[in-house]
Each structure stands twice: as structure tokens, then as C-alpha cells.
Amino acid sequence: MDPVRNPYAPGAGQRPPELAGRGRELDVFDVVLERIARGRPERSLMLTGLRGVGKTVLLNTLRSQAISRLWGTGKIEARPDQSLRRPVAAALHMAVRELAPRHRAPDRIDAFLGVLKAFALRATPAGRAGTATKLRDRWQPGIDVPASSGRADSGDIEIDLVELLSDAAAVASDVGTGIAIFIDEMQDLSPEDVSALCAACHELSQLGAPLIVVGAGLPHLPAVLSAAKSYSERLFRYQRIDRLDRIAADQAFCAPAEREEVEYEQKALDLLYEKSGGYPYFVQAYGKATWDHAPRSPITAADVRVAAPEAEAELAVGFFGSRFERATPAEREYMRAMATLSLVEAETGGPVRDDMDAAVPTAEIARSLGRKPASLSPARDALIKKGLIYSGERGTVAFTVPHFGRYLRTQPA
């Protein structure tokens, strides 16, 4: 098979050739956009799921939907070492620039940009000193109007963000459209920034303002939001993004191949689903390797078996290994204990299933390592900060990466 024509795309955040199994999420967002366009109240949206299920791809697709309706949009990726202030200012700057040509009062746009510039420049000290402080103070947001005063510049991120987003929504309302801010890796926001964002969304929902936040994050994102504001459980619409079911996975494999006049035998699709588990990133990895190894159409189960080791080797290095290498020896010991304990037994009492990893009680991990739970807290907390594990329920932890436990169980100690 011609490798140049290989349609599969196993890349971080890279849109697959066939966005299968996400029709419901796209339809829901269409309804959200239409309701806001008609002045109906609507909640901001939060996408949650493990790594490799396509949250970033879906986030980008939702942004495209908003752009197609002439909304102003901006996107940021949260980082644990960065305040929300400057990234959200850059995102709103982009969104308002998209709306500016359609606004009948340029002075109104300039007034908002003055507020936006004041918000961006009002960075908190964060304890830096010396050269770093001077560099920070010289930073400019690239807005060609003077910074205003008295609005969104108090230094309190919660007060300032509420005022800023309210003003941005007013600009969108003038144009008869909306603004959507897309935030990836949202679980990495600081507690203060999460609290501010929840407060701003709460204010906007009460006003019926045409501005929404669409966030994406790991499965514990709802718990992060709830810890910041108790009303966040009712403030956002949550959508869990999971692996593809069999029909959607077959579509993800077959539709791109059919456009290249290539077919799969049924047994090949059976084996591909077994190998990939239906996780979108794995679907692309196995699809690409299988295409490159198959001599002709139709692609057979034998072709999949020959190609599988190459796909697994690539995943071991780029998807699993790169994450494992970020962990310290103590953190690796913790994860190996998790991997051993996370095997899930079939409900029928049959053989152990090695295709998924269950949440593991932290007390069990301590017991298996012969340690006190408190002594393992630094390793656990560091792994959570690195995005390798998460705590969905109190007293338990699970891997953020599908099949990570299975990978660890194959690695030498």
C-alpha cells in the first residue's frame, strides 16, 4: 500500500481524517450556540476524559462551529506555572478583533481594549525578583490603545475577570453575536483562577450574556471546579468523552480507507478494535501502522498482526515512555504498585482483563509497598501535578492515560 496515501494521523491534537463517534457532542454545541443567538440562557461546557480520547480535537472542532456562526473565539492551554490573566487577555483580544470589523462604533472597541490592556498588565507579583521582575514589567500585550483605569484592574483576579468578561459580552451583544473562550488542560489552572472563572461564568449566566467558556480536562476536572465553587456542579454542562464504541471505531478505520479505495476484512476490524480498545489516538496509531504493512486491499487480520508490534513500539516510546520518563524513581515505584493493583477482574468471575485499569485505593498502594500512606503523599501529589494520575474519588487514584497500567506491567522493574 502506498505510504504517501496513508490517511491516518496519530498526532497530539491532530484532527483525524474521520471524526467518528462525536456527533452527539457536536449537536449539543450547535444547540448551545443557537439558544444563545436567540437570547436563551445557556451554560458553559466542560469536556472531560482520559488522555488520548480526542478532547483537544473536539475542542478545536467546537471552535470551528462557533467561527462558522461568526462568533468571536479565542483558545488557550492552561499551564500549572502560569496565571490565567495574560492567556485569557490574549484569547479575548483575538475574539474581539474578529468582531471589530462588524461593530458600528470603533470607540466602543477601543474602550474595551483599554480595559483589556489594563487587565493584562495587572499581573500579580508572584514573588519574583531581580531581572525576572523587570522583564515581566516590560511585557506589553500588543494592544495599541492606552490602558484604562478603574475597570478590571484591581489586582483581584476574581473581581477583574468578572468585569472583563462582562464587558466582552457587551461588545458581542452590540454586534448581535457571541464570544466563546476555549480552555484546554483546564485542570492545570490554579485554585484562584478556577474560582475566578467560575465566578465570571456564574455572573454571565445570571445576566444571560452571550459569552461562554468551553473547557477540556482530565476526569477529575468536575472535582477541581467543585472545590473552587460549590455551585459549579450546576453552573456547567459536563460531557464525558470516552473511547469509541465498536461502530464508531469501525467508521474511524474504514471511512478514510474507503476514500482511498481500500477495504478491511471483518476479522481485521475485530483485531484492530481489540488492540486499540477504541481509544481514538490508538485507533490512528494502529491504523497507520497497518496501512503501511498491508501489501494490498482488502486489509486482513494477518496484516494487523504483522503491524501491531510497530504500533505498540511507537506508543511505548511516544505515548507511554515519554510520560514514564518524567517520573522520579519514587514516583515510578508508586505507579508500578498502581499498575499491579489496577487489574480489573471480569464481572463473571472469569480471567483477569488486562485491557483497562481501575481506580486503586491509596491505602492499598501503601500496604503493597509496606509504607505508611502519609509517606507516599509527596509521590502521589507530584504525579497528579504532572498529569500522570488523578483522584476521581477521595482515597483513590487512577491513571490519566488509557492502557498505562498494562504498559507498566510489561516493563522490567
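Is Leu 70 buried or exposed? Leu 70 counts as exposed because its relative accessibility is 51%, where exposed means over 50% relative accessible area, buried under 20% and partly exposed in between (1.4 Å probe, protein chains only). The tour returns to this residue after a view of the whole chain.

The model is predicted, so that local features need pLDDT of at least 70 and side-chain atom pairs count only at pLDDT 80 or more, while totals for chains, interfaces and linings use all residues. Residues are numbered from 1 along each chain as its sequence is written, and side-chain values use heavy atoms, with hydrogens and water left out.

**The whole chain**

Select the protein chain, which holds 17 helices and 10 strands; helices (H or I, at least four residues) and strands (E, at least two) are DSSP runs, numbered from the N terminus. The radius of gyration is 24 Å, close to the 22 Å that the globule rule gives for 413 residues, so the chain is as compact as a globular protein of that length. That radius is taken over C-alpha atoms, and the rule is 2.2 Å times the number of residues to the power 0.38. Along its principal axes, the C-alpha trace spans about 65 × 60 × 45 Å.

Colour by burial next: buried residues make up 50% of the 413 residues. Of the contacts between residues at least 6 apart in sequence, 77% join residues at least 24 apart; contact means heavy atoms within 4.5 Å.

**Helix α2 and Leu 70**

Select α2 (55-68). Its end C-alpha atoms are 20 Å apart, which agrees with the 20 Å that its 14 residues should span at 1.5 Å a residue; the expected span is 1.5 Å times one less than the number of residues. Show its buried residues, among them Val 57, Leu 58, Leu 59 and Leu 62. The elements that cover the buried residues of α2 include α1 (23-37), β1 (44-48), β2 and α3 (85-99).

Move on to the loop between α2 and β2 (72-77), where Leu 70 lies. Leu 70 has a positive phi of about 65° although it is not a glycine. Most residues other than glycine have a negative phi, and most peptide bonds are trans.

**His 403**

Select the loop between β10 (396-399) and α17 (404-409), which contains His 403. Phi of His 403 is also positive, near 70°. His 403 counts as buried, because its relative accessibility is 4%.

**Ser 297 and Pro 298**

Display the backbone at Ser 297 and Pro 298, which are joined by a cis peptide bond with omega of about 5°. Pro 298 lies in the loop between α12 (280-293) and α13 (301-324).

Step back into α12 and select Gln 284. Gln 284 is buried, with a relative accessible area of 5%. Leaving aside neighbours within four places in sequence, Gln 284 is in contact with Tyr 8, Ala 9, Pro 10, Pro 16 and Pro 17.

Finish at Ala 255 in helix α10 (residues 246-259), a residue that counts as buried at 14% relative accessibility. What does Ala 255 contact, leaving aside its neighbours within four places in sequence? The partners are Glu 18 and Asp 250. Draw the distance between the C-alpha atoms of Ala 255 and Glu 18: they are separated by 6.7 Å, although the two residues are 237 residues apart along the chain.
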